[in-house]
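The following exercises concern the structure shown below. Each task is followed by a solution in steps.

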Amino acid sequence: REDGSAECWGYDSNGQNTVPADRYHAVSVGYTFNCGLLDDDTAECWGSNYYGQLSEPGTTFEQIDLGYYHVCGVALDGTLDCWGYGSGGGSGQPAGAYVEVSSGDNYSCALAVDGSVDCWGNEPYGAMNPPGDVFVTIDAGAHHACGITDLGDVVCWGSCGSGQCTWPGAEFVSLAAGKEHTCGLTANGAVECWGSNSYGQCSVP
């Protein structure tokens, strides 16, 4: 909201819709828990705490992203900080300087300052094996990840059996990878999705 407050709705098994009365400038959604970045750039999380995902480290972040039961963020100094389900991406993050991090179900990938991608966690379908392209942005889905290269191409890796890795050829400025589908936003504000459409997720209004 314009006043910095956040509102959540839908399935509420663990209080993930009960948002603290604070001001946020970003919010990310996990499985039965959520986190937001406060005005001071620290993270605040609420909802389920099965694997310590509500134990925020006190780091000041540029950006955070939530997986199934873990959180990873890019600190203001470019380093990575993760917490929650350790073997599912909540630990083992690489050292170095990064500009973006994205979390899938039980893994995360981060975009380094040189455009390379590093991934870690527990993912059996190849999503932790990024190609050697130079990327400008990335997004991790449940079991596949995609990125936009410095040439404007969309490259995806991991589980691709439903066509979620088959770039339709349009030029995109950002991507969102889901479970078995991917969506892209073009420069003129149009959205295009590809992959599984079993629940209408690729039928863009």
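Predicted model: local features only at pLDDT ≥ 70, side-chain atom pairs only at ≥ 80, totals over all residues.

**Exercise 1. Salt bridges**

Task: How many salt bridges does the structure hold, and which parts of the chain does the pair of Asp-39 and Arg-23 link?

Solution. Step one is the count: the structure holds 2 salt bridges.

Step two takes the bridge between the side chains of Asp-39 and Arg-23, with an N to O distance of 2.7 Å. This pair links distant parts of the chain, as Asp-39 lies in the loop between strand E2 (33-38) and strand E3 (43-47), and Arg-23 in the segment before strand E1 (24-29), 16 residues apart. Asp-39 is partly exposed at a relative accessible area of 46%, and Arg-23 is partly exposed at 45%.

Step three takes the salt bridge in which the side chains of Arg-1 and Glu-7 meet, at 2.3 Å from N to O. Here both residues, Arg-1 and Glu-7, are exposed.

**Exercise 2. Aromatic pairs**

Task: What geometry does the aromatic pair of Tyr-31 and Tyr-69 have, and which residues form one aromatic cluster with Tyr-31?

Solution. A pair of aromatic rings is described by the distance of the centres and the angle of the planes. The structure holds 10 aromatic pairs. For Tyr-31 and Tyr-69, the centres are 5.7 Å apart and the angle between the planes is 80°. Planes over 60 degrees apart count as edge-to-face, so the pair of Tyr-31 and Tyr-69 is edge-to-face.

The positions follow. Tyr-31 is in the loop between E1 and E2, whereas Tyr-69 is in the loop between E4 and E5; the pair thus links distant parts of the chain, 38 residues apart. Tyr-31 counts as partly exposed at 35% relative accessibility, while Tyr-69, with a relative accessible area of 13%, is buried.

Finally, one aromatic cluster is formed by Tyr-31, Tyr-50, Tyr-51, Tyr-68, Tyr-69 and Tyr-85.

**Exercise 3. An open sheet**

Task: In what order do the 3 strands of the open sheet stand, and why is one side of E4 and of E6 left without a neighbour?

Solution. The order is E4-E5-E6, with antiparallel pairing. Strand E4 (61-66) and strand E6 (80-84) stand at the edges and have a single partner strand each, so one side of each has no neighbour in the sheet. On average, neighbouring strands of this sheet are turned by 20° against each other, direction ignored.

Strand E5 (residues 70-75) is joined to E6 by 5 bridges in an antiparallel run. Val-74 stands opposite Leu-80 in E6.

**Exercise 4. Two hairpins**

Task: How many residues lie between E10 and E11 in their hairpin, and which residue in the turn between E11 and E12 has a positive phi?

Solution. E10 and E11 form a hairpin with 3 residues between them. Strand E10 (residues 135-140) and strand E11 (residues 144-149) run antiparallel and are joined by 5 bridges; Cys-146 in E11 is the bridge partner of Asp-139. E10 is mostly covered, with 5 of its 6 residues buried.

E11 also pairs with E12 in the antiparallel sense, over 5 bridges, and Ile-148 stands opposite Val-154 in E12. The hairpin of E11 and E12 has 4 residues between the strands, and Gly-152 in the turn has a positive phi of about 90°.

Terms used
Residues numbered from 1 in each chain as written. Heavy atoms only, no water. Pairing = 2+ DSSP bridges. Axes fitted to C-alpha atoms, helices over the stretch in contact; angles between N-to-C directions. Salt bridge = Lys/Arg side-chain N within 4 Å of Asp/Glu carboxyl O. Buried < 20%, exposed > 50% of the residue type's maximum accessible area, 1.4 Å probe, protein only. Phe/Tyr/Trp six-rings, centres within 6.5 Å; stacked < 30°, edge-to-face > 60°.
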